[in-house]
Amino acid sequence: MRNFATLTRTRMLLALRNRMFFFFSVIFPLVMFFLYGGVFAKGKPQLVSYFLGPVIAFNVMGSFWGLSVALVMFREQGILRRFHIAPVSATDMLASSVLANFVLTLPTVFLELFLSWAIFHVPNFGNLLSLTIFVVVGTVSFASLGLVVASVTNTMQETQVINQLIWLPLIFLSGATLPLAYLPQSVQRFAVFLPATYLVNALQSALYSSFSIWKLMEQFSCLLVWALLTFFVATQLFRWEPEAKIPRRGKLLALATALPFFLLGAWENGRGNLLAQSQATFHSLDTPRDNPPQPSAPAQRPDKPF
Amino acid sequence: MGNPVLQVENLVKRYGDVEAVRGVSFSVEEGEVFGLLGPNGAGKTSTVEILEGLRDPDSGTLSVCGLNPQRQSNELKHEIGAALQSTSLPDKIRVMEALRLFASFYKRRRNPEELLKRFGLEEKRNTFYHQLSGGQKQRLALAMALVNDPKVLFFDEPTAGLDPQVRREIYDIIEELRRDKKTILITTHYIEEAERLCDRVAIVDHGKVIALGTPRELKTRSANTTRIEVRLSKPVVDGELKTLEGVVDARVLDGSYVLHSQRPPRTIVDLVKRLEAENNELVSLEIASPSLEDVFIELTGRRLRD
């Protein structure tokens, strides 16, 4: 426990000294925030509130990149090897990086919320409990996914390639960048196999539709199971030595992390609840709400971004 | 002798088809500085890593500080300190932070301030790791090996890749530890290092201990002979140089001839006469009292550096 605490502190310190971290964890999410809030949502509170979920999801999922790259670098440079001589466990190493990343993700999330209130006049943030829970589960699960990728790849180059292969569908097919309801049917059917879809949906439902955690139980339980499973797999696949080979069992184990959402996706494909809900949320944008009544604008078309 | 802190019997380690360690046995007494001397790839590093509990042996009996390195790896890590090859620290960690961080992992701790002073790193306390010179990094590595006031120290090639002046600095540090009666296991392929620092040396080649004793004992194997190394303008017939006066051993080593002579002046006179008669010429001639290198050459027919 003590190791975990000191390691977490050091990790945070190291991240704060890293310019890349600052760019990817602060600048990049804020650029996304202003792009969606200012450009796509045209600064309209209701639309900003609609996009805030996906923007925060994007930020939270970014943990995936940072952690995979950091772990591979630590292994390749022999830094893990140095820690291996000391009485530090794999779980200490991994859990500290997940927690440090979580703590460092929070300020940007707060900043995004604050700015949407201060600049775009978003009046409230829906269900704060749900929001908090999904920021936590989202950060931890995607961070763990990054750790798994780091452990099944051998070089930084490989890691970057696999990261891209995972990252692109996660952001483009999950509703994180384009609303799910806006995507073609076939893509939507594929999207329900992606964990990102559930995180985006849950954050949006919490922020925009004020859903309580009870109404989001499906998303919550699946992301939680996935977070635990992925973290467990990451501890199992962890390698201290750069030249250590991945056992064949390891690759199977890594694939197992896709299982929960594979099952949920199949179920959702039959049921269609999640898709129907995101459709409904999307169409709710047609009816302006919370906006002060605008006397001279009965003929105004509802603002829809796309 | 006293009680062995470290015991190795018939250690075997294979990597796939390659037998890196083939039945190594030795023991190290308390307060002794023991060296494993041998060329790269002789199995020294594997042996050390197995003793530290970082790797599992294929067979053999081991005991370090009365513990089994594989089964009691975690307890053992509290008792040992190590500076291993190709280990590193994060770029943006400061010297003092690194010492404090690693100290925090152990039950027993030494004052990091005192280590900083002892290893001449006081002025560098706030310097980032990546800004340190090679020698400073190595001094920090040695200081870090001592943070838990270990019972046994492992230094794997402590001066590899350092320039001669820095190497001497490291020797001074290790000699000081030797005076403090620390038990140390050093691996090296530098003769000078083994002769100067070690109480006893095991010469290792192809995964086997081929000679073991104090440097003095080992050198007397080359019983009162002087080493004469010559280069000639034309090759001579195999075995001819063995017939020179006083010569007990003659070998060809990468183009030069290494002779061991009991009467060097006579040998040289005889050699010159012989060369003149054959129209051959002396290109260079070196005379040295025998070193551990000669022991190695005698035993393997090869130089240590190859």
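Modeller: Gladly! Apart from its neighbours within four places in sequence, Leu199(A) has contacts with Ala57(A), Val60(A), Met61(A), Phe134(A), Gly138(A) and Leu223(A) (a contact means that the C-beta atoms, placed from the backbone, lie within 7 Å). Please keep in mind that this is a predicted model, where local features need pLDDT of at least 70 and side-chain atom pairs count only at pLDDT 80 or more, while totals for chains, interfaces and linings use all residues. Residues are numbered from 1 along each chain as its sequence is written, and chains are lettered from A and ligands numbered from 1 in the order in which they are written.

Leu199(A) is also among the residues with the most contacts inside the largest nonpolar core, together with Ala57(A), Leu203(A) and Leu99(B). This core has 167 residues. A nonpolar core is a set of buried Ala, Val, Leu, Ile, Met, Phe, Trp, Tyr and Cys residues joined through C-beta atoms within 7 Å; buried means 20 or more other C-beta atoms within 10 Å of the residue's own, exposed 12 or fewer, and partly exposed in between. In soluble globular proteins, nonpolar side chains tend to be buried together. Helix H7 (residues 128-152) of chain A gives this core its largest share, 14 residues (helices are DSSP runs of H or I with at least four residues, strands runs of E with at least two, numbered from the N terminus). In chain B, domain 1 (4-219) and domain 2 (223-289) each contribute at least three residues to the core, with bounds taken from an automatic or database domain assignment.

Now to where the chains touch: 17 residues of chain A are in contact with 20 residues of chain B. On the chain A side, helix H1 (2-16) and helix H5 (79-85) each supply at least two residues. That side consists of 6 nonpolar, 7 polar and 4 charged residues; here Ala, Val, Leu, Ile, Met, Phe, Trp, Tyr, Cys and Pro count as nonpolar, Asp, Glu, Lys and Arg as charged, and the others, Gly among them, as polar.

Ala266(A) counts as exposed because it has 12 C-beta neighbours inside 10 Å. Its C-alpha atom is 9.1 Å from that of Arg189(A), which is 77 residues away along the chain.

Key: Two residues are in contact if their C-beta atoms, placed from the backbone, lie within 7 Å.
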